[in-house]
Structures are given as C-alpha cells and as structure tokens.
Amino acid sequence: MTTETVPNPTGSVPTTGKPSDDRLPPGSKLLIGLLLVSAFVVILNETIMSVALPRLMEDLDITASSAQWLTTGFMLTMAVVIPATGFLLERFSLRTMFITAMVLFSLGTLIAALSPGFGTLLLGRVVQASGTAIMMPLLMTTVLNVVPVSARGRTMGAISIVISVAPAVGPTVSGLILSVLDWRWMFWIVLPIAVASLVLGAVLVRNVTEPRRVRFDVLSLVLSAFAFGGLIFGLSSIGESAEGHALMPVWIPLTVGVLALLGFVLRQRALARDDRAFMDLRTFANRSFTVSIILVAIVMMALFGSLIILPIYLQNVLQVDTLTTGLMLLPGGLTMAALAPLVGSLFDRFGPRPLVIPGAFAVSAALWLLTMLGVDSAIVMIIAVHVLLSAGLAFMFTPLLTSALGSLRPELYPHGSAIVGTVQQLAGAAGTALFITMMSTTAAARAVVGSSAVDATAAGVQAAFMCGAVLSLLAIGASFLIRRTDQASAGVHVGH
C-alpha cells in the first residue's frame with residue numbers, strides 16, 4: 001500500500017496519512033460521531049428562531065426588521081469569527097478548541113434562555129454563534145487528520161448533511177416546541193444536550209494536530225468585522241428605515257462596509273506576498289472556485305431568505321399556528337436529507353454540472369411559484385413548492401462546495417475552507433436582510449394606501465420572493481459555467 005500526504009486545513013505542516021483502507025484508528029468513530037452530533041445541534045440554532053419571530057415580535061414588542069437580527073446577528077457573528085478559525089486551529093489544540101466552542105455555545109444558550117428582553121436575547125445569540133463558528137472547521141480538521149482517504153467520502157457526506165439539513169429542520173423543531181411551550185424553551189431543551197456534548201468531549205476528544213506559534217494579524221480581523229458588519233447592518237437598516245426605526249442613515253454603514261472591505265482585500269494581498277494572509281484571496285484566481293462560490297452565495301441567500309419569510313407568511317397571512325408551520329416545513333428538510341447520499345453518488349460519477357444545472361432550474365421555478373402566494377393560497381401547494389425548492393438546493397449545495405474546495409491546490413485549502421464558510425454565513429445574512437427588507441418596504445407602502453395588514457403582508461411576501469426569483473436567473477446562467485475538476489489534484493476526496 002502507499003501513503004499520501006493529507007492536507008491540514010489549519011495550515012500547519014501536513015501529516016502523513018495512514019494506509020488507504022477503511023479502518024479508523026481506535027476511538028475515531030466515537031470521536032467523529034460526537035463531533036457530528038455537536039455540529040448538528042449548534043448549526044440547528046442558526047434557523048431555530050425563524051418560526052418564533054412572529055411570537056417574539058408580539059411578546060417583546062419589536063418590528064420584523066428588528067426581530068430578524070436574532071437570525072442575522074447569529075450568522076453575522078459566524079461570518080466575523082470563521083475567518084479567524086484557521087489561526088485558532090493552528091495555535092491551539094483540537095481539545096482546547098472543542099471545549100471553547102461548546103462552552104461558548106452552552107453559555108450563549110443559557111443567556112438566551114434567561115433573557116428578559118430583546119437585547120439580552122440578541123447577546124445570547126451572538127455568544128452562541130461564537131461557539132458555532134468554531135465547530136465546523138474543527139470537525140473538518142478532525143476528519144482530514146484521522147479518516148483514511150478511502151473512507152473519507154462517506155464522512156464528508158455526513159458533514160454535508162449536517163451543513164445543509166440542520167438549518168432546514170430548525171423551523172420544524174422550533175414549531176414543535178412553540179406549539180406547547182414558551183419560546184425560551186427552545187433554549188432550555190438545547191442546553192442539556194450542549195452540556196452533555198461538552199462533558200463527553202472533554203473526556204473523548206484528543207489532539208490530532210500539533211499546535212504551533214503563528215502571527216495573528218489583528219488589523220485583518222478588525223477590517224473584516226467592519227466590512228461584513230457594515231454591509232449586513234446597512235442592508236438590514238433599509239427595512240428598519242421603511243418602518244421609521246433606523247438607528248442611522250443607511251448610507252453610513254454601507255459606506256463603512258465597502259471601505260473596510262476594500263481595506264481588507266488590500267491588506268490580504270499585501271500579507272499574501274509573505275504567505276501571511278489572514279484569508280488568502282489568491283483562491284479567487286481559480287475560475288472553478290470563483291464560479292462555485294458565487295453560486296453558493298445565491299443558494300444560501302435563497303435558503304435563508306425563504307426560511308425566514310415562509311413562517312411569517314404562514315402565521316401572519318394564512319393564520320397558521322406554529323406547530324402547523326413547523327410541520328409544513330418538515331418535508332422540505334427531509335427531502336434535503338434524503339437526497340444528500342444520492343447527490344453525492346451522482347457527483348462522483350458525473351461531476352457537478354449535470355446536477356447543478358437542473359438544481360438551479362428547480363430553485364428558480366420554486367421561487368417564481370412562491371411569488372404567487374396570496375391570502376388564500378392552498379397549503380398543499382405551499383408544501384409542494386417548498387419541497388421543490390429544497391430538492392433544487394440539495395442538487396446544488398454539495399456539488400458546489402466540493403467543486404469549490406476540490407479545485408484548489410492543497411496549500412490554499414485552509415483559506416478556501418475559511419472563505420467558503422464565510423461566504424455561506426454572509427450570503428445567508430444578506431438573503432435574510434434582503435428578503436425582510438423587500439417584505440417590510442412593500443408592506444409599509446401598501447399600508448399607506450389603505451391595504452389591510454394581511455393584504456399588505458401578502459404583497460410584501462410576494463415582493464420578497466420576486467427579488468429571489470430574479471436573483472435565481474443569475475444562478476441559472478452561472479450554473480452553465482461549472483466544470484468538473486480533478487479532485488485528486490487538490491489532495492481532497494469529496495465523494496459520498
């Protein structure tokens with residue numbers, strides 16, 4: 001048998017992999033299983049608030065554009081923290097980072113469960129997100145270090161299910177909880193699971209990487225925080241401005257965000273000359289990576305925008321209760337989970353293009369159908385369209401992620417992984433902000449001319465999905481640019 005060099009996503013010196021067989025080192029299955037369960041629990045919380053927003057708006061006396069910060073703030077925090085995970089996983093041991101991630105997540109969950117008002121609840125969500133941001137890079141690092149190449153595909157398949165399905169079933173879980181309990185129980189129920197994962201991890205997680213001293217570029221972190229924070233805050237402020245609740249003129253955070261992003265890009269280009277980039281943007285010189293990342297951004301915008309708009313529509317327009325809302329969204333989540341193994345198998349045989357193109361058409365068709373939602377739309381039709389949307393996303397998500405990472409040289413893999421994670425969260429936050437903004441501004445305009453609250457909200461929902469439908473046309477065009485890449489040349493096996 002031969003051995004091969006396994007790329008380490010932390011950027012540290014690569015380690016020599018074990019012989020290519022299916023045997024895992026003793027205890028590895030239990031370790032990876034624990035990390036998968038922990039990752040599913042923490043990522044589930046990204047979207048668990050979406051069904052609860054209408055109730056929170058009433059209980060906490062806040063607007064829709066303010067309430068959406070409970071989701072946008074979570075994703076924005078992840079987008080700021082994820083770029084730093086490459087440094088953290090190089091500098092500290094795997095065990096230390098797992099304990100840190102789960103302590104942060106557990107603490108944030110406790111703060112949210114005890115929160116007396118919106119401010120404290122948002123703080124809890126931010127602390128939760130800080131732990132969540134560490135978990136996925138941690139999981140990837142562990143898999144690439146302990147799983148033999150021949151068995152890595154099946155594990156990567158499980159990871160893709162966690163990434164895509166956990167956010168999709170979040171609304172269902174929260175709907176079930178809210179049907180019988182107060183919204184704070186969404187956190188009380190999760191807390192003991194998180195603490196149990198923390199305790200088990202403290203016992204089971206071992207170090208599979210060698211920490212080393214690396215320089216941390218504080219300026220890069222500050223610039224990324226202002227760049228991404230300014231852009232998302234500005235987008236969200238558009239909706240608040242329409243309702244008369246904007247904290248400041250919209251152009252201020254948007255301008256700060258654009259200028260900080262420009263500074264961040266220039267800083268990374270300068271650091272890259274000495275191979276010290278906080279996030280190496282030379283990955284975008286790869287055409288396959290760039291096209292895949294653009295499509296990933298559109299996919300995540302559609303996913304998270306839909307996940308936050310549909311519950312508002314179902315509860316505020318069709319007057320559906322939270323339990324029914326959650327159950328209506330469940331078939332879509334189950335569809336994504338069921339299709340993941342099939343998509344992975346087809347990807348190995350045919351590459352990304354035959355999957356991504358039909359997926360883009362399905363997503364676009366679903367979004368155009370959602371633009372026709374009204375005050376008397378049939379529930380069966382809504383479920384069917386949501387399943388179509390979920391199926392289209394499933395056919396795009398895994399092929400795009402694996403194509404993006406598999407097209408890179410091994411030395412750029414850690415930076416590509418950080419960029420993929422950051423783009424996922426930023427696009428999700430942007431999609432949430434964009435859809436809510438379109439809904440809020442349109443509903444406010446209709447209310448001014450005398451429309452009832454229900455009619456105004458329905459019109460706002462239609463406008464939100466119209467925006468997404470137009471965006472999906474760009475995805476269809478970009479899907480034809482996807483090409484099959486040689487995964488082996490990148491040192492990464494990404495099959496299922």
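Visitor: How are helix α1 and helix α9 placed against each other, and what makes their arrangement roughly parallel or roughly antiparallel?
Guide: Helix α1 (residues 28-44) and helix α9 (residues 190-204) pack at an angle of about 155 degrees, and their axes lie 10 Å apart. Axes here are lines fitted to C-alpha atoms, for helices over the stretch in contact, and angles run from 0 to 180 degrees between N-to-C directions. Angles under 35 degrees count as roughly parallel, over 145 as roughly antiparallel, 65 to 115 as roughly perpendicular and the rest as oblique, and α1 and α9 are therefore roughly antiparallel.
The model is a predicted one, in which local features need pLDDT of at least 70 and side-chain atom pairs count only at pLDDT 80 or more, while totals for chains, interfaces and linings use all residues. Residues are numbered from 1 along each chain as its sequence is written, and side-chain values use heavy atoms, without hydrogens and water.

Visitor: What is the handedness of the crossing of α1 and α9, and which residues make the contact?
Guide: The crossing is left-handed, a term for a near helix turned anticlockwise from the far one by less than a right angle (clockwise would be right-handed). From α1, the residues in contact (heavy atoms within 4.5 Å) are Leu30, Leu31, Leu34, Ser38 and Val41, and α9 contributes Val190, Ile193, Ser197, Leu200, Gly201 and Leu204. Eight of these residues are nonpolar, three are polar and none is charged; Gly counts as polar in this scheme.

Visitor: Why is α5 called roughly antiparallel to α9, and what classes of residue meet there?
Guide: The axes of helix α5 (residues 94-114) and α9 come within 9 Å and cross at roughly 165 degrees, which makes α5 roughly antiparallel to α9. This crossing is also left-handed, and its contact has twelve nonpolar, four polar and one charged residues.

Visitor: How do you know how α14 and α15 are oriented to each other?
Guide: Helix α14 (residues 353-370) and helix α15 (residues 379-406) pack at about 150 degrees with axes 8 Å apart, and α14 and α15 are therefore roughly antiparallel. Their crossing is left-handed, and the contact includes Gly359 and Leu367 of α14 and Gly392 and Phe395 of α15. By class, its residues are 18 nonpolar, two polar and no charged.

Notes: Helix = DSSP H or I, 4+ residues; strand = E, 2+ residues; numbered from the N terminus.
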